[in-house]
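Have the sequence and the structure open as you read.

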Amino acid sequence: MLTVGVLALQGDFAAHARMLAELGAQPREVRVPADLAGLDGLVIPGGESTTMTLGIEREGLAEPLRELARGGTPVFGTCAGLIMLDRAHLGIMDVLATRNAFGRQVHSFEEDLTIAGVEGPSVRAVFIRAPWVAELGDSVEVLAAVDGHPVAVQQDHLLAISFHPELSGEPRLHERFLALVESARSARTSR
Ligand code: GLN
């Protein structure tokens, strides 16, 4: 079974843990560096990026999180989690996010998205004070965009999205992530 951590300092980590369990993975709440040991993958949930940054600093998690990603463990950031992965925060992905990018007055909206690599009907995406990707490096692939602004991106084993599939009962992004986790694990065990 795949053991997938969910950063549980703040935000909607419980909804991610439920989704992962429904898809047959073993979720583990991560609060301190020791919780990262032996993980096959990690989800950084949505929430509030300033609060999450303070929690990461307080617990000494920044460098352990970078090491985990550098070592090839897949990481999936959603919304505030996307912000945490960007150049201005943990620097794990070669992207720069704009916070609350869809306008301060727009607290939330929904949109049907076509996402590269996600089969079937379009994805009903829930955006809550969402970021978009303002800048990205050559190694980053855009999987979906709204009005030309990237809202789903992938860089090798790293996946980040602006919206909240864990809140709308949309399992296909987590499935896509678990496929990355599975293949990273097979690559590790076959070495
Ligand atoms: N607006 C939040 C932030 O900047 C992110 C919103 C979310 O995760 N739903 O931290």
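Which residues does Ser-49 touch, not counting those up to four places away in sequence? Ser-49 touches Ala-80, Ile-83, Met-84 and Arg-99, where contact means C-beta atoms, placed from the backbone, within 7 Å.

A bit of housekeeping: this is a predicted model, with local features needing pLDDT of at least 70 and side-chain atom pairs counting only at pLDDT 80 or more, while totals for chains, interfaces and linings use all residues. Residues are numbered from 1 along each chain as its sequence is written.

Around the ligand sit Gly-46, Gly-47, Glu-48, Ser-49, Cys-79, Ala-80, Ile-83, Arg-99, Asn-100, Ile-128 and Arg-129, each with its backbone-placed C-beta atom within 6 Å of the molecule. By class, that shell has 4 nonpolar, 4 polar and 3 charged residues. Ala, Val, Leu, Ile, Met, Phe, Trp, Tyr, Cys and Pro count as nonpolar, Asp, Glu, Lys and Arg as charged, and the others, Gly among them, as polar.

The unreviewed UniProt entry annotates Gly-47, Glu-48, Ser-49, Arg-99, Ile-128 and Arg-129 as "binding site"; such annotations may be inferred rather than shown by experiment. They're spread over 83 residues of sequence, yet they cluster in space, with a largest C-alpha distance of 12.8 Å.

Here are two of them side by side:

Leaving aside neighbours within four places in sequence, Ile-128 is in contact with Gly-46, Cys-79, His-107, Ser-108 and His-164.

Methods
Two residues are in contact if their C-beta atoms, placed from the backbone, lie within 7 Å.
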